[in-house]
Structure formats: C-alpha cells, structure tokens
Amino acid sequence: MAITKVYIVYYSLYGHVNTMAREVHRGAASVEGVEATLWRVPELLSDVILTKMKAPPKANDIPEIRPEQLLDADGFIFGFPSRFGMMPSQFNAFFDGTSVLWASQALAGKPAGIFWSTGFHGGGQELSALTAITQLAHHGMLFVPLGYTFGSGMFEMNEVKGGSAYGAGTFAADGSRKPTELELQQAFYQGKYIAEITRKLKNV
C-alpha cells in the first residue's frame, strides 16, 4: 500500500494553535500507512512588531511551507487563530499564493479539515471554519467536518471546550488560557479521523 501524505499546515501567533497542531499531527501520524508532516505558513509581521505584541518565538523545529509544496500531499488539516471570525492575514496571504494551483485545479478532490483558536465565546468557533471553507471550495478540495463522531466529548457541558462539528478548537481568552486535555483529545482525534479518510480515498 502506498504511503498517504497528510500535511498539517498552520499559523500560530501566541502558541495555542501550535499546541493544537502538534496533537493533530500526533493523531494523523498514529494511522498506519500515513506520513504526517507539520508545516507553518510564513509570518508577515516584522520581528519588531512581534516583540511589541509580546508574541513568543516561532517553533524552530517546524519548517515554513511554500504553496507549490501542497502538491505533494494527499490531504490537509489547516489550523489558525480566528481574526473577527476569519483566518488571519498570514493564512490568507498563503492561499493567495496558490493561484497557479487553483488555475489548474491541482488540489481538487483532496480532503481537508480545519482547526482553530478563538479568544472567547462568539469569537468565531464556527464562523472561522465556515469562512475558511470558501478557500477549499475554490480549489475543489473536499471539506471533512468532524460531525459528532468525537462522541461524548462533543456533548461536554461541565467545562469550557472549543471546537464544533466543523473541527477541533480551543479558547485562548486573554492569552493565558491553554488548550485543555479535552480540546487536545479532540485535536488528536481530528488528525486521526482525517488521516483515515485521506488514506481510504487515496487507495480507492
């Protein structure tokens, strides 16, 4: 059986999405026959601005991705912090650079999922996914939602939990809140779930 390649492509400013991305990656890598790779999109902000924003250093063990490298993957899981219910400009700029791939529909038919971080309730836990789907649709990619396949974790009412039927998510609050164990479990599950679907589609 041929190796199935799943790319986890993300942007993280304060580290919340980076933490989630590593769990998504662990989940995807746990599937037999799947080669999961973590990538981050390029930063647009200068070091001076990042310092003023008190953003921590980028994860130096994760390489930056170029748009043309998407061609090598069989499936994707994209992650980002929400900005007014949408993906941030860094991720938009990355997708803007995929126009050549769009013109040839080179990514059409490839499955893709989405995960995210928002500040608070109402900050885009569902809207961030819905607005990002437009990028996938124009490329002809197949959006893979979680639905309620995560089971009882989807119905948790005794603690604050990000995520939805669209994908895994976390709340950052004022930046001090970190992803909870349940949020990380959902991130792991999403990675595994989408990797399994990608493998099935590749080997049809």
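In which strand is the place of Thr170? Let's find out in the first of these close-ups, all taken from a predicted model.

View 1. Thr170 sits in strand β6, which covers residues 169–171. Thr170 has a relative accessible area of 0%, so it counts as buried, the limit being under 20%. Its side chain makes a polar contact with the side chain of Glu183, at 2.7 Å. If you leave out neighbours within four places in sequence, the residues in contact with Thr170 include His16, Met20, Trp116, Ser117, Thr118 and Gln125. Gly162, Gly163, Arg177, Pro179 and Glu183 are also among its contacts on that basis.

**View 2. Helix α6 and what covers it.** Here we follow helix α6, residues 181–202. Glu183, the polar partner of Thr170, is one of the buried residues of α6. Others among them are Leu182, Leu184, Gln186, Ala187, Gln190 and Gly191, together with Ile194, Ala195 and Thr198. The elements that cover these buried residues include β1, α1 (16–29), β2 (34–40), β3, β4 and β6.

**View 3. Strand β1 beside β2.** Strand β1 is mostly covered, with 6 of its 7 residues buried. It pairs with β2 in the parallel sense, and the pairing runs over 7 bridges. To get your bearings, look for Tyr7, which stands opposite Thr37 in β2.

**View 4. The largest nonpolar core, seen around Val9.** This core holds 27 residues. Val9 is among those with the most contacts inside it, along with Ile65, Leu70, Phe76, Phe78, Phe91 and Met141. Two or more residues each come from β1 (4–10), β3 (75–81), α3 (89–96), β4 (111–118) and α5 (127–139). Not counting residues up to four places away in sequence, Val9 touches Trp39, Val41, Ile65 and Leu70, as well as Ile77, Phe78, Gly79 and Phe91.

View 5. An unreviewed UniProt entry lists residues 6–194 as "domain: Flavodoxin-like". Over these residues the chain is 32% helix and 17% strand. The end C-alpha atoms of the stretch are 9 Å apart.

Conventions. Residues are numbered from 1 along each chain as its sequence is written. This is a predicted model: local features need pLDDT of at least 70, side-chain atom pairs count only at pLDDT 80 or more; totals for chains, interfaces and linings use all residues. Side-chain values use heavy atoms; hydrogens and water are left out. A nonpolar core is a set of buried Ala, Val, Leu, Ile, Met, Phe, Trp, Tyr and Cys residues joined through side-chain atoms within 4.5 Å. Buried means under 20% relative accessible area, exposed over 50%, partly exposed in between (1.4 Å probe, protein chains only). Helices (H or I, at least four residues) and strands (E, at least two) are DSSP runs, numbered from the N terminus. Contact means heavy atoms within 4.5 Å. A polar contact is a pair of N or O atoms within 3.5 Å; within protein, one must be able to donate a hydrogen and the other to accept it, and residues adjacent in sequence count only if both atoms are side-chain atoms. UniProt positions are given in the numbering used here, feature names are shortened, and annotations may be inferred rather than shown by experiment. The expected span of a helix is 1.5 Å times one less than its number of residues. Two strands pair if DSSP finds at least two bridges between them.
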